[in-house]
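Subject: Structure for you to look at

Hi,

Here is the structure I promised. Please open it and keep it beside you while you read my notes.

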Amino acid sequence: HSMLPRHVQRLGRDWITHWNGSQILALNSPVPSCMRWAGHYPPWASFPLPLPADFSANWRFHPFFGPWRQFQTSNWHLDNYTQSCCFHLPNPSMKSEGEEPLTKKRRLSGQDDISAPEQETNLSNQKEVSCLTVAQNEEKHGSKKGTIKRHWEYFCQQSKTMKIAENKGSDQSSTGSEAAFDFTVMSYNILSQNLLEDNSHLYKHCRQRLLFWTYRFPNILQEIKELDADVLCLQEVQEDHYRAEIKSSLESLGYHCEYKMRTGRKPDGCAICFKTSKFSLISSNPVEFFRRDIPLLDRDNVGLVLLLQPRFHCKANAAICIANTHLLYNPRRGDIKLTQLAMLLAEIASVAPQTDGSFCPIIICGDFNSVPGSPLYRFIKEGKLNYEGLAIGKVSGQEQFPRGQRILSIPIWPKKLGISQNCVYEIKQQQKEENAGEKLEAAKQDNTQEIVIASEKLSSKLRHHFKLSSVYSHYFPDTGIPEVTTCHSRSAVTVDYIFYSAANDDTAAQPGAEDSFYGGLKLLGRLALVTEKDLWTVNGLPNEKNSSDHLPLLAEFRLIER
């Protein structure tokens, strides 16, 4: 029994849930069954809502259904329930987790997962036979099947035709006297198997066989093949899976892979993979957000920053900066999230400068664990944030009524971190100022900037030097319904993004990005996202075809050299 997977060991757990907020149903009757009561339903659904049955726990009919013989002879059909039914009880589906799962906290303190009572893992032979029968019946009848329909949205008439699941041509077009280099970028949180098993409560709606890595990885690899992006930014890449099969599989598709594992005891990390036929690697720069000497930075999240050189139709010194990260989840630790983001931006600022003082085009991908319109999101897009009086629980916007009401300290991070309020390395900034004094006027400007940085060390204003736009608009223009990038049993929101430095003539750029003095990227198109309702028509995420709880984001850019 000890060798069984974690979710199988949890079979037989007694479940208690509220019905209409008043009646309590204790689903611990010894009568075996195939029906469950779930604690959530999408806001657009009526009650009750038919969805595929979930057999991740040993659900049983409560005695209020009456004797089994009466139930068999009534109008209720067991086969129908096994095939496609369950009841959903009210609970806001957009509510986020209030804090990190207990398993994460235990790992931080060095403790093992020992919270489950022993009786929960002691299964009788009768229960095992019942579960096997249910699983066989489930396989016979199946569940909601189908494919999420996502179409390609174009923003430029000159954009080349791109068809999903077909090989894209390698030809590059040019407009006028400008040399053009077209390429695609994907951001995809592929769901670490370890995190899936540690947070199995988020996947109660899924059939168990869909959650095994042996089923999930071929699906994920097939998605990557079909979308055929030139650059992949992957999050939650489990280290043992990366070494065993992910890296070799991607290399066989023509990718070069760079990987940064999370620090501490975390077994996953971030990867950036690029087609060697389109780019060559200039530099790879991992970023660790954990600092042993700074109590604020006690989490093991990481980032990765690559500097790539295009191979076609570009000047010899052309470069593109690609960054990938997965910020802390905890909704009530906005102070850590902002500091991690500042560290990533500081690394980008040290990697992306060009010889003329401007920055090369920048693309930042990742799971930011923050929703559109939140203070953290606005800081990325607007380049500034006054956080005076801002509660740490409101930084990411993950909770409508955050419990973490402690106000952000001023400054957020200590001086010894070596990062200014402008999100640059202070030491490197000083060295740059000392070595760049060829002209007296330029030196005066640098000194002025140094004084401004010094004066803002105790202010409540954060800034960064990049003018960034989001590839996605986050709401459907016709209906105002939110786009969704992740969906599981307790949440359906946008937390994944692709940000880019827009060219001056990029019509898809958001207001405020047009005055970008470095620019260089025009958004040609993107793979459209879907609504929460769309996802539940295929039983949410993961499902038969989509084997992560996140959707891949995909955008096509044109690099324009002036």
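R207, R209 and E544 are linked in a network of salt bridges. A salt bridge here is a side-chain nitrogen of Lys or Arg within 4 Å of a carboxyl oxygen of Asp or Glu. The whole structure holds 12 salt bridges.

This is a predicted model, where local features need pLDDT of at least 70, side-chain atom pairs count only at pLDDT 80 or more, and totals for chains, interfaces and linings use all residues. Residues are numbered from 1 along each chain as its sequence is written, and side-chain values use heavy atoms, with hydrogens and water left out.

Now look at D335. It forms a salt bridge with R333 (3.1 Å, N to O). It also forms one with R406 (3.4 Å, N to O). R406 lies in the loop between β14 and α12 and D335 in helix α10, so this pair ties together parts 71 residues apart in sequence. Helices (H or I, at least four residues) and strands (E, at least two) are DSSP runs, numbered from the N terminus. D335 is buried, at 5% relative accessibility. R406 is partly exposed, at 47%. Buried means under 20% relative accessible area, exposed over 50%, and partly exposed in between (1.4 Å probe, protein chains only).

Next, the sheet. Six strands form an open, mixed sheet in the order β10-β11-β12-β13-β19-β16. Strands pair if DSSP finds at least two bridges between them. β10 and β16 stand at the edges, each with a single partner strand. β13 and β19 run antiparallel, joined by five bridges. I364 has F499 as its bridge partner in β19.

Best wishes
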